[in-house]
Every structure is written in structure tokens, then in C-alpha cells.
Amino acid sequence: MYKRLAAPVLALLLLFFFPLTACAAGNGIIAGINRVDEVMEYIYAHHINAPGAEQLTDGAIRGMIDSLGDPYTEYFTPAQLEQFTGALDGEYAGVGLELAGRPPYSQVTAVTDGSPAERAGVEKGDLITAVNGQSTENMPLPEVVDKVRGPAGSKVTLTLRRAGRADFSLTMERQTLSTPTIQWQIIHGRIGYINVHTFGSQTAAEFGAALRELKDKGATGLVLDLRNDPGGYLQAAVDVAGYFLPAGATVVTTVDRDGQKEIYRANGDALARGMPVAVLVNGMSASSAEVLAGALQDYGAATLVGERTYGKGVVQAVIPLETGGALKITIARYFTPRGRSIDGTGLTPDQEVTTPQLQLFAACRKLQPDTPWSIVFNHNGVQINGEKTEGDFAPLFRAGNAYLPLRFTLEALGYRVSWEGNGGAILVAGPAGRLVLSPGNSGALLNNRPVTVQQPVLEAPDKGMTYVSTVLLQKMGVVLSVQEQEIIIRGAGIK
């Protein structure tokens, strides 16, 4: 399941807003101010381009910020500050699209009802190949989102690719859109699902209301989806942690440059305490999302499923400036309850699942390990428990042998898959133990014992994937059936 990136991507962690207070400036600061002032006056008075004072001031500010080498310290104009704070509470200016990365382009996964995109005719499944004439090929998803967004009332032109027709362009006017910071529902009978898009000022209250509704509807387990959650207010993450941890439990500790510590503790009713919880994370889970996920992982209150998180372990404060705008500045580092710093490294999930389409399935398997399930592969692709899964995961049939997409299949069965270098050995670890495969080699090692299978691995460059033999899967203990052009795997809960 791909999640929305319609709202701004803001890898941030905010503590609080506070006014700038007067402080005694040292001689070095005063000398620096005088030097900058002198240079600005000469440039303003004599440069051939006749720059304006606002241009020079903004340039001086941005130059100071750039010199820090800190991507999280930023200067906001008044308009940017308004947009920034609104985005944290689910308000943003855009066209109403949810996007997912489907290299080499970003794909539309949902279109908001009544939005400019819907009125213009954008459809789910469209690929965005250009924004305002600039190609988006291999452009990171956050950058595509940033280009699609813009001030309300401004226009943006998207070039789209849709099956069955030539590429075409649509122009639409951006407007201010409002979305809740969370979404929730009951899935698979008794599993509650809450997706937190960002940590805004109302997120904890929205989360509590959703959790109570889910419990009233009979939810016995919970999937907390933090994928693509860029963060937000630190206190919001602490407050949400209070639904899982006992009052007084340390959620996060911040340490400033002078070594001063501040401990943030849970202060809630621990409404979800005792429920089995799986937390979905990926490389875009950042900041406050990592604070919450890290705390739940440290206390053993949840199992993290998915991919390594973004790794933003520093804290910012937003300081309104007397002259207008604001400065977002990094002021501290944070540590999980067990003292872990995840800055630059992120959180490692307890169960690694790198295939996005399988992450929710894997989380549900953790919560319902004994519930029967099935995966059906045929020429139409793959269905999990009767539901069609996006992506081309159809089986291959070569020389009388049947093959399934290697990573997809093994991750669905609860294995971790990794490659040693480019084209090296494939390492697989999971329920049946450890498997070592070598592309192009007829042999395989299962728990250090040779297993002979004719062509256990098949590489298909035209598909961009590697496939595994169904014969090898059966030797690993996987129960499957091959019926003409269809392969079915059933049962065997993931423990």
C-alpha cells in the first residue's frame, strides 16, 4: 500500500514557538554585523545590477544559514511561515493528488474529490512525466511533490502518461485544501488501522478519538502506519505515545549544545496498552514519526515492520522574527528511551519488508499469525487473500519450470532478502533458516547444506526482476500448488 505525499514533505521535529529575546552580543558578533553592513551598503550603492535591499538581506540571511551545513535550519518569509504551520495541521496549497514513487516516475494513487486535479481530469494510475515542462524522470518523490505544490491561486501544468494514449498535459489552479492528519478503518475483520500523515496540533486528539472508535468496533489489534510521515510537533508524538505507554514513561530525551537534557514523558490513559501493535515505517518516516516508533520499539510495545526510517535525530524550534517571518533552527539532538541516537542512521525495523505492496500484509500477519491466508499468482499478477495487488508480479514459465518473483514471494513468506554486491550471492533468512543463492548457479545452500535444483534462480532483465523456482520453494517447506498457469501458496502463518 502506497501512502499519500500530497501534503508537504517536511522532515522536521518541532519543539515549540518562542519569541526572540534580547541577548548580549559579543565583540565578534558586533564586528561581523558591521562588516556585513558595510559590504551590503557598497553593493547596494554601486553594483551594476542595482540589487534591492530586500534581495541583499535575504541573500545575507541564506548565506549564513548555508554556512551551517544544516538542511533543517531555514528562514521563512511571512508567507512561507503561514504555509509551513498550516501544512502541519493538514492544510496545504495544491491540486489534490496523492503520489507514490514508481521509478522512473511518480504515480497518482488517489485524486481528492472536488479538487482541481479531479476537475481537470487527472486519474488514479496516471504517471507524472513532467511538471511545468520539467521532466520528472528519476526525480525523487519529495521533489516532485514540492513542484506540484505552490501558492493558492497559482497554476501548474502536469504532463501525464496514461495507458492507451499519448502523453498529454493538463493545467490546473492550485487551491488551499484541508485534510485530517490521520485516517482510520477496520481491516481484515478485527484489526484496527490508523494512518498518521503528520504530527500536527490536533493529531493526538484525532488519534484518541479514532482509537476509541476502533475499540468500540471490536478491534483486537492495531496497525499504526507511519510510512511517509515527515514528522511535525514533538509534543504531538509524545501525546500519541501516551496511548501506548504508562504515565510517566520516558518517550524521548533532548540534549542541547550545552549538554542540558529535557525528558518528555507519557501522560495519557494508555488506551492501546496490551493490544498487539505493528508499526509500518519506511525511508520517509522521519522526525516525530521516528520518536514515536523508537519509543514503542524500545518498550516492546510494538513490532516495527517495513524499511529503515529516514534518520532525523535533531530538534528544531521556530522563532518568529520581529522584522517578519521566522527562523527554524536546530537546537538539540534527541535520544530514544534506551538512549539511542538515530540521526543519520534511522530505526531498523524488527521485520524488514522492502516491497511496499507487502508491508501491510506482513503487519497483519504479525497480528493474526494463525489466520489462513492465500497468495495466487497468475497472468493477471497476484492476489493476496483475494485482493488484487498493484505491480507486475505475474509468474514465469520457462522450459517446463515455474518461477515466482523472488523478493516479493520470499518477503511475503516472512523472509529477509539481500544481495551481496551487484550480481553477487542472494542471502535469504527466515522461517526455514538461512538460504544462499547464486544467480546462474544450479546449486543452493539451505542452512549450510547443499540443495540441488535445476536453475533455482532466473534473472529476467526485461522484467527488471529476479525469480525463484517453485521447486526450491517446496524444498524450503513452502506449501504451494501449480495448476496450469496459476500458482497458489496457502496458510503457514508467520510467527
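1. Which residues of α2 are buried? They are Leu-56, Asp-58 and Ile-65. Buried means under 20% relative accessible area, with a 1.4 Å probe and protein chains only; exposed means over 50%, and partly exposed lies in between.

2. A word on the source. This is a predicted model, where local features need pLDDT of at least 70, side-chain atom pairs count only at pLDDT 80 or more, and totals for chains, interfaces and linings use all residues. Residues are numbered from 1 along each chain as its sequence is written, and side-chain values use heavy atoms, with hydrogens and water left out.

3. Back to helix α2. It covers residues 53-66, 14 residues in total. From first C-alpha to last it reaches 20 Å, close to the 20 Å expected at 1.5 Å a residue; that expected span is 1.5 Å times one less than the number of residues. Its buried residues pack against α1 (27-46), β2 (74-76) and β20 (326-335). Contact here means heavy atoms within 4.5 Å.

4. Now the whole protein. It has eleven helices and 35 strands. These are DSSP runs numbered from the N terminus: helices are H or I with at least four residues, strands are E with at least two.

5. Overall dimensions. Along the principal axes, the C-alpha atoms fill a box of roughly 80 × 60 × 45 Å.

6. Burial and contacts. Of the 495 residues, 49% count as buried. Take the contacts between residues at least 6 apart in sequence: 64% of them join residues at least 24 apart.

7. Val-277 is in strand β17 (residues 277-281). Its relative accessibility is 6%, so it counts as buried. Leaving aside neighbours within four places in sequence, Val-277 contacts Leu-222, Phe-244, Ala-301, Ala-302, Thr-303 and Leu-367. Leu-296 lies 19 residues away along the chain, and its C-alpha is 9.2 Å from that of Val-277.

8. Thr-159 sits in strand β8 (residues 155-161). Thr-159 is buried because its relative accessible area is 16%. Not counting residues up to four places away in sequence, Thr-159 touches Leu-127, Ile-128, Thr-129, Ala-130, Asp-167, Phe-168 and Ser-169.
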